[in-house]
Structure formats: structure tokens, C-alpha cells
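Student: I would like to go through the labels attached to this model and see what each one rests on. Please set each value against its definition.

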Amino acid sequence: MSYPKPLSQKTLDKMYKESGLSKEKIEFLGKLFDGAAALYGIITLKDLWNVYKEYAEKVPAIRLHRKDIIAFSSIARREEHDYYIYEIDELYKEEIRTPDERFIIYREVLDLISKAVFYVLDETAYNKPFYVPENLLDLKGHLVTKEEEELVRFIEEIQSNSPVLEKRWNKNISKPSPYQGKKLKEIFDLSDSEQFELDWVSGKCEGGPKKMQEKKVKEFWLRRGGAVSDRIFRFLRISTFTGWITPGDLVSHITRAMEDYGVILSLEDGKKFVSLFMEFNNKSHLYTNRGWTPAELYKIQMKDYNGPIGLTFGPGIQNAIKEGKISLDELKARMKEMGIKVD
């Protein structure tokens with residue numbers, strides 16, 4: 001998926017002047033695009049037009065025409081924003097390019113995991129209604145809930161407690177841990193696997209690239225920058241919001257990542273982590289749900305349905321139950337409250 005480089009400010013100013021858009025419309029559209037990207041992760045201009053119409057029914061808004069959204073997108077595509085704007089044939093080669101089918105894609109969706117996540121998200125979110133809040137134009141970044149803040153604090157305060165670090169691929173190889181007693185928010189080192197990844201794209205590995213791949217090094221630090229707690233939550237959040245990894249598998253992935261820094265969760269801490277993660281997942285405005293929380297979307301989808309639905313746990317959740325990280329009775333009780341029959 002190639003993407004055009006930004007144009008100079010002089011060229012952009014000329015494009016805006018020739019577009020016929022007023023300053024008021026440009027400001028409004030800028031906020032609309034920012035809010036939609038942050039809340040939905042991905043959205044086509046056709047769907048954004050429908051979101052705008054619903055928003056304008058709730059809140060006094062500048063009157064727009066469909067062509068205004070298209071005109072703004074043509075210019076915004078060549079600017080630096082928190083989102084990309086892709087033509088549909090740049091994403092799906094077999095599709096015919098039309099302005100209505102342009103995609104606004106929040107940058108972190110592509111930058112924090114893999115470009116393949118777009119296709120997972122597009123399929124998962126398909127045919128769900130859009131959540132259109134009255135504060136849509138005030139959004140700059142994803143909606144942060146108190147459940148997210150509690151989960152972040154928990155991860156930050158987790159202490160490395162193992163005196164040794166074991167190689168994940170060979171438990172017989174270990175070395176003294178330099179992190180014992182430190183909290184994850186106090187550790188900034190890269191794990192062995194992260195360091196290898198950085199060395200590879202930096203051209204330092206035998207058999208690898210012969211020189212530094214600057215773009216890939218930049219992408220590496222977008223994902224791996226900051227304290228260990230930041231890295232762990234960053235991956236956890238974007239994976240949850242996009243549906244990149246199932247909740248059960250994500251719990252396993254995160255606990256393994258903690259082990260790279262000498263964190264061996266106790267049974268009590270493991271249960272606490274899973275509980276906080278479930279609350280975070282259930283109360284977050286997910287891209288997969290087009291901005292709705294799972295609980296809100298469930299109520300909408302089941303509004304006209306009188307009978308219970310069934311649910312079978314996948315292997316990730318089943319393993320967490322066996323290891324005592326999740327209470328089966330507590331999980332069943334929560335599902336029952338939502339009207340879900342657990343097999």
C-alpha cells in the first residue's frame with residue numbers, strides 16, 4: 001500500500017483556496033475527520049457522510065455537501081494528520097476507484113501492528129452501526145475510559161520478581177535478571193527478541209540487510225518506544241480495538257511479554273489482570289464495533305431478540321480457566337447478566 005508524500009504548505013494553501021471551501025468549513029471538516037478517525041479506526045467517505053448527517057441532527061453544525069467532504073479529503077491526503085486517506089484500489093486492487101470509497105484510516109491502526117490489520121478490522125466492523133456521540137468533533141485520540149486508566153496503572157505498578165531471565169525458546173538457558181524489584185514503568189530496556197529485531201532492520205545482523213532501513217527503524221520505535229509498561233499496554237490496546245488478537249490469546253501474549261522482564265504473575269495478580277482486562281474490553285469504544293462498547297452494541301443487536309444466544313469458549317480462555325487466571329463461575333455469571341448462554 002503505497003502512500004503519497006506530503007506537499008509543501010504553499011501548495012496546500014493554493015489547493016484549499018481553489019477548493020472553494022470556506023475557512024469555517026475547513027475547520028469543521030478537520031475536526032470531523034480527526035474525530036471519525038480516532039473513534040472508528042477506519043471509515044469510508046460514504047459512511048462519514050452518513051455519520052455527519054446523524055451528527056447534524058443532534059448538534060447544530062455547519063451545513064456540508066457530500067462534495068465538501070470529498071474535496072477536503074483530496075487535500076488532507078497530502079497533509080500530515082493522525083490518519084491516512086487511501087483510495088480503495090490502493091487497498092483492494094480489484095476495486096474501481098471512486099471518491100466515496102476512499103478510506104480514512106487512523107495512523108496507529110497501520111503503524112502499531114501490521115498493515116494486514118486493516119483487512120481484519122474492515123471485515124470485523126462490516127455492517128455494524130456507527131456510534132455518533134455529540135462530542136465527536138472534540139475527539140483527538142481514542143476515547144479513554146476509567147477502566148483503561150485502572151488497567152494502565154496496574155500494568156505500570158507490576159514488579160519484576162524473578163531473579164533470573166529465561167530464554168523463551170529454551171528454558172534451560174538463563175541469566176541473572178537486572179530488573180528484579182523494578183516496576184514495569186521503570187524499565188526501558190529492550191528484550192532480547194526486540195533488540196534482535198532492531199539490529200536486523202539497522203543492518204547489524206549477519207545475513208540481514210546490509211544497511212540501515214530508516215523507515216523500518218522509525219516504525220520499530222513507534223511500537224517499542226517508552227517504558228515496558230507503555231509498550232505492553234500500547235500493543236494490548238490496539239490489538240483489542242482492532243480485533244487483531246482474540247482476548248484469550250492476547251492475555252497469554254501479554255503474560256509472556258512480561259516474562260521477558262522477569263515478571264512471573266502470582267495467581268492473585270493473574271486473576272486481577274484478567275479481571276481488569278475484561279472490564280477494559282467491555283467498556284472500551286472499539287474500532288471493531290465502530291465506536292460502540294461491546295455492552296452497548298450487544299443491547300442494540302439484541303433489542304428485537306427474545307431468546308438467549310450461545311457461547312463456546314475458545315482455547316485461550318479455556319487455558320486461562322485451567323491455570324486459574326479466570327474464574328469460570330464469575331465469567332458465567334457475567335455472561336448470564338448479558339443474556340448469553342455459555343456452553
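Student: What covers the buried residues of H3?

Tutor: The cover includes helix H2 (23–40), strand S1 (42–44), H4 and strand S3 (103–106). The buried residues of H3 themselves are Leu45, Asp47, Leu48, Trp49, Val51, Tyr52 and Tyr55. This is a predicted model, in which local features need pLDDT of at least 70 and side-chain atom pairs count only at pLDDT 80 or more, while totals for chains, interfaces and linings use all residues. Residues are numbered from 1 along each chain as its sequence is written, and side-chain values use heavy atoms, with hydrogens and water left out.

Student: What span is expected of H3, and what does the model give?

Tutor: The expected span of a helix is 1.5 Å times one less than its number of residues. For H3 that is 20 Å, and the distance from its first C-alpha to its last is close to it, at 20 Å. H2, with 18 residues, should span 26 Å, and its end C-alpha atoms are 26 Å apart, which agrees.

Student: Why is H2 called largely enclosed by the rest of the structure?

Tutor: Because 13 of its 18 residues are buried. Buried means under 20% relative accessible area, exposed over 50% and partly exposed in between, with a 1.4 Å probe and protein chains only. Glycine 41 follows H2 and has a positive phi, near 80°.

Student: Why is glutamate 147 called buried?

Tutor: Its relative accessible area is 8%, which is under the limit for buried, so the label applies. Glutamate 147 lies in helix H8 (residues 146–157). Leaving out residues up to four places away in sequence, it touches Glu279, Phe280 and Lys283, where contact means heavy atoms within 4.5 Å.

Student: Which residues other than glycine have a positive phi?

Tutor: Among them are asparagine 127, at about 75°, and arginine 290, near 55°. Asparagine 127 is in the loop between H7 and H8, and its 64% relative accessible area makes it exposed. Arginine 290 is in the loop between helix H13 (267–283) and helix H14 (294–301); its 13% puts it in the buried class.

Student: Why are H1 and H4 called roughly antiparallel?

Tutor: The axes of helix H1 (residues 9–19) and helix H4 (residues 66–76) come within 10 Å and cross at roughly 170°. Axes are lines fitted to C-alpha atoms, for helices over the stretch in contact, and angles run from 0 to 180 degrees between N-to-C directions. Angles under 35 degrees count as roughly parallel, over 145 as roughly antiparallel, 65 to 115 as roughly perpendicular and the rest as oblique. H1 and H4 are therefore roughly antiparallel. Leu12, Met15, Tyr16 and Ser19 of H1 meet Phe72, Ser74, Ile75 and Ala76 of H4.

Student: How many residues of each class make up the contact of H1 with H4?

Tutor: There are 6 nonpolar, 2 polar and no charged residues. Ala, Val, Leu, Ile, Met, Phe, Trp, Tyr, Cys and Pro count as nonpolar, Asp, Glu, Lys and Arg as charged, and the others, Gly among them, as polar.

Student: Which parts of the chain does the pair of tyrosine 40 and phenylalanine 130 link?

Tutor: That pair is also edge-to-face, at 4.9 Å centre to centre and 80° between the planes. It links tyrosine 40 in helix H2 to phenylalanine 130 in the loop between helix H7 (117–125) and H8, 90 residues apart. Tyrosine 40 is buried at 0%, and phenylalanine 130 counts as buried at 14%.

How values were computed: Helices (H or I, at least four residues) and strands (E, at least two) are DSSP runs, numbered from the N terminus. Rings of Phe, Tyr and Trp (its six-membered ring) pair if their centres lie within 6.5 Å; planes under 30 degrees apart count as stacked, over 60 as edge-to-face and the rest as tilted.
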